[in-house]
Amino acid sequence: MSIKVRPLSYALGAAVTGVDLTKPLDAATRAEIQQAWLAHSVIVFPDQELLPERQIAFGKLFGELDDHKAVPFYRHPEHDEIYLITNRKIGGKESQTKDTGRLWHSDHSFTTHPTTATMLYCCEIPPVGGNTMFANMYLAYETLSPGLRKVLDKLEAVHSLEHYTSSNPFFRQRDPDQIAKMHKLSPPVAQPVVRTHPETGRKALYISEGQTSHFVGMSREESRGLLQYLFDHSVKPEFTYRHAWSVNDLLMWDNRCTMHLALADYSHEHPRHMHRLTVLGAPCGRLLNAEELAAA
Ligand code: OGA
Ligand code: MN
């Protein structure tokens with residue numbers, strides 16, 4: 001089978017058609033998909049009627065699935081591999097994931113085993129909005145001056161869930177006990193500021209407004225100016241793609257070279273319901289030592 005790949009924007013994103021994900025894939029098709037994914041960093045498969053079992057089987061073709069240890073809530077009732085991003089009530093209660101992803105981030109960069117691929121499947125979407133934005137972090141890196149790239153190449157930065165939850169106003173409405181539990185499961189980590197993609201060999205910036213608090217070995221105050229510059233630079237419109245979802249879209253993005261943002265551009269009066277599956281990859285980053293932890 002030969003898939004069709006149609007770019008969706010200059011920076012990143014492509015639509016992949018000519019493949020039916022409800023059926024097992026042969027090795028050649030899987031390889032074509034992998035190639036399209038590495039080339040475009042975010043790919044969308046429109047019109048796929050995917051039961052959770054099929055989404056799981058497809059995910060497994062790309063590596064070991066994440067057990068979501070870092071965020072041990074909001075599972076699909078029958079499939080632990082599927083995490084629910086929804087504004088529908090869960091067990092009669094307000095959903096805690098209805099405002100997931102409202103700051104730019106790369107999935108699970110606050111752990112030393114961050115997600116390689118996220119596969120998000122759209123079950124329900126409001127009549128307007130509920131868009132997701134993506135930024136190409138290769139371009140963000142490559143468009144910096146050689147002088148700044150050289151400085152950044154040697155730096156590490158602290159990523160933490162604590163930073164994410166405290167800088168995100170939506171977390172104020174969330175269950176504090178769950179948040180405390182999640183903080184305990186994921187202490188702050190050090191990540192390289194520039195990450196070399198293991199498959200493409202290209203360098204990408206690996207910092208995000210949502211999850212990065214400061215450079216390792218520097219104070220927050222000292223870090224602020226440069227980090228803010230990098231955050232703003234990374235999400236210039238020309239480095240982004242904005243996805244307007246349709247029901248039955250499966251999106252697959254590469255967290256090693258992109259960031260994303262779930263826009264609050266819709267009303268919670270309308271359901272938005274997504275099935276999210278994450279694929280682990282090679283570990284990246286390290287835990288902070290005692291001195292760094294005290295300074296974090
Ligand atoms: C995610 C995420 C964005 C969205 O699944 O990791 O950030 O638009 N979701 O739901
Ligand atoms: Mn995310």
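**Paired strands and a metal site**

In β2, valine 16 is the bridge partner of valine 5. This is a predicted model, in which local features need pLDDT of at least 70 and side-chain atom pairs count only at pLDDT 80 or more, while totals for chains, interfaces and linings use all residues. Residues are numbered from 1 along each chain as its sequence is written, chains are lettered from A and ligands numbered from 1 in the order in which they are written, and side-chain values use heavy atoms, with hydrogens and water left out.

Strands (E, at least two residues) and helices (H or I, at least four) are DSSP runs, numbered from the N terminus, and two strands pair if DSSP finds at least two bridges between them. The hairpin of β1 and β2 has 6 residues between the strands, and here glycine 13 takes a positive phi near 100 degrees. On to the next neighbour: β2 runs parallel to strand β3 (residues 42-45), joined to it by 2 bridges. Alanine 14 has isoleucine 43 as its bridge partner in β3. Between β2 and β3 the chain passes through helix α1 (residues 27-40), giving a right-handed β-α-β crossover; with the strands pointing away from the viewer, such a path from the first strand over the helix to the second runs clockwise.

The manganese ion (ligand 2) comes next. Its protein donors are His105 (NE2), Asp107 (OD) and His260 (NE2), at 2.1 to 2.2 Å. Donors are N, O and S atoms within 2.8 Å of the metal (3.2 Å for Na, K and Ca), and sites may look incomplete because water is not among the atoms. Along the chain, the donors follow the spacing H-x1-D-x152-H. Aspartate 107 lies in the loop between β4 (83-86) and β5 (115-124) and histidine 260 in strand β14 (residues 258-262), so this pair ties together parts that are 153 residues apart in sequence. Aspartate 107 is buried, at 3% relative accessible area, and histidine 260 is also buried, at 4%; buried means under 20%, exposed over 50% and partly exposed in between (1.4 Å probe, protein chains only).

Oxygen atoms of ligand 1 lie 3.2 Å from a side-chain N or O atom of histidine 105, 3.0 Å from one of aspartate 107 and 3.1 Å from a polar side-chain atom of histidine 260.

Conventions:
Polar contact = N/O pair within 3.5 Å; in protein donor to acceptor, adjacent residues only side chain to side chain.
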